[in-house]
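Hi everyone, thanks for coming. Today I'd like to walk you through some charged pairs and a bit of strand pairing, so let's get the picture up on the screen.

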Amino acid sequence: NDTLLTCYRMGSFDLNVYAINSIGGQSATIARTLDVNRGFLKFVKNGRWEDKSNWQRNDLVPNREDFGVEMLAKCTIPSGFTAECHDLKIYTQGGAIVEPGGAIFVENMIENNAGEGELLLKADKEKHGVVYFREGDPIAQVEMWMDVAAENREDTVWTYKGIPVDTSYVRNRSGKQKVYEYTEKQSMNDGWVDISSMMPQLHAWQGYKITDTLATYYTFVGKLNKGESHKYELSYTDYKHQNVGRNVIVNSYAAPLDIRGFDFDGCKEEMHYMVGQQWATAPKYTAKAAGNRGIMQPGDAMYVTAEKERASVIMDYDKAAMCEWTDDEDFNVLRIAMKGVTYSDTVVLIGCEQGSGEYDNGYDGTKWMGAEKMPQIYASADWGQAAVNADQSIVGQNIGVKAAYEGELYTISFDPKRLKGYDQLYLFDMRTQIYTDIIGGETYSFTCTQRGEEKRFTIMRDK
């Protein structure tokens, strides 16, 4: 008779096979070698991935080498946990919900037969769900937090993003949002083109800036971009204008990218974090290990500058993609905003062990000055003027300003909520000798005696 043999491990196994007759007699033993290829485990009860009781064989949870997964129920991958398997097949009655800070690592293919809402990557204000995979075109619903609300709505607050699916309309929007897309060939408005009136369909690998009337979750629905390398053919316009060679690249994968895995050709190997009028995308989430360079989380956008025609950046998925969430728990971050009569600007100071005092790709960002009528604030670093400056400590970092008009009144304010370990911290005006309490939430108003640049302030721990 045929016998069904179930095996829960891959490999080659030596078997000794024999028959027993009705009176207990045993036949001669026949040696056989059994080669076991990869099989599937079934998730059969709604609940969390790591709970063994939710699996058909409840003493076993899959791993990326040995098993695929057949998802026959709704599965949750919690924050701080990475679910692993070789292949993932979601049936119509199944689903996978990746909580903020959770991750799925799939060595090969994802197949989603349950629909967009049943492969859901959730987000909160700090992090979002991550999916790493190489093959397949699974449709998914991806949340992204848009931190675009200013305390004072007289200001415009931009967030700079790409989308982590192939193409999607913006869902959950207020109806009053503004959406711009970037092109290097556009000489006006720093390369940004207003597409708000088109109710735009957004596309992978394109840089956008978005503002809205309130901070909210945006939802994007489309096919996740699978794990094959993406090549940016950078634009380099042959006529001179202020944006010549400046391109925006984005991470349109559902997994974080370590920029050390990028291949640069014909462009500056410096990736500048995007800085808006009142809001800066500092490297909020970076790898914990000392010496790591910056991480592009899904949807992150950066500037990179081509120095000639046919320059390129290749995002090598094998070298750059990461299969888990990374955070910045060891970072101190201070945002400083300077507001004039009409315009405002922001600088970001970072204290972390990876900051060297020199230009560190992925942590530091060069300051690109705006129009003459706009006041500017920047970190005055040893390597140059910085919109984002990372050093071993925030204390001792110097700040420069550029006045738009002689005698114009400027007000400096601080966002210290991501500072840790400071009981007191001060902004010191080297001209007036005035201290301003950063931790206490004070603001500081000042004027400049003339237009132009001036290294004016420093950060101090004590008076």
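Let's start with Glu50 and Arg48, which form a salt bridge, their closest N and O atoms being 2.6 Å apart. By salt bridge I mean a side-chain nitrogen of Lys or Arg within 4 Å of a carboxyl oxygen of Asp or Glu. Glu50 is partly exposed at 27% relative accessibility, and Arg48 is partly exposed at 44%. For those words, buried is under 20% relative accessible area, exposed is over 50%, and partly exposed is in between (1.4 Å probe, protein chains only).

A quick word on the source: this is a predicted model, where local features need pLDDT of at least 70, side-chain atom pairs count only at pLDDT 80 or more, and totals for chains, interfaces and linings use all residues. Residues are numbered from 1 along each chain as its sequence is written, and side-chain values use heavy atoms, leaving out hydrogens and water.

The salt-bridge count comes to 13. Another of them joins Glu454 to Arg431, at 2.7 Å from N to O. Glu454 sits in strand 40 and Arg431 in the loop between strand 37 and strand 38, so this pair ties together parts 23 residues apart in sequence. Strands here are DSSP runs of E, at least two residues, numbered from the N terminus. Shared partners join Asp429, Arg431, Glu454 and Arg456 into one network.

Now, which strands pair with strand 40? Strand 35 does, antiparallel, through six bridges, and strand 37 does, also antiparallel, through four. Pairing takes at least two DSSP bridges between the strands. Within strand 40, Phe457 is the bridge partner of Asp429, while Glu453 stands opposite Lys402.
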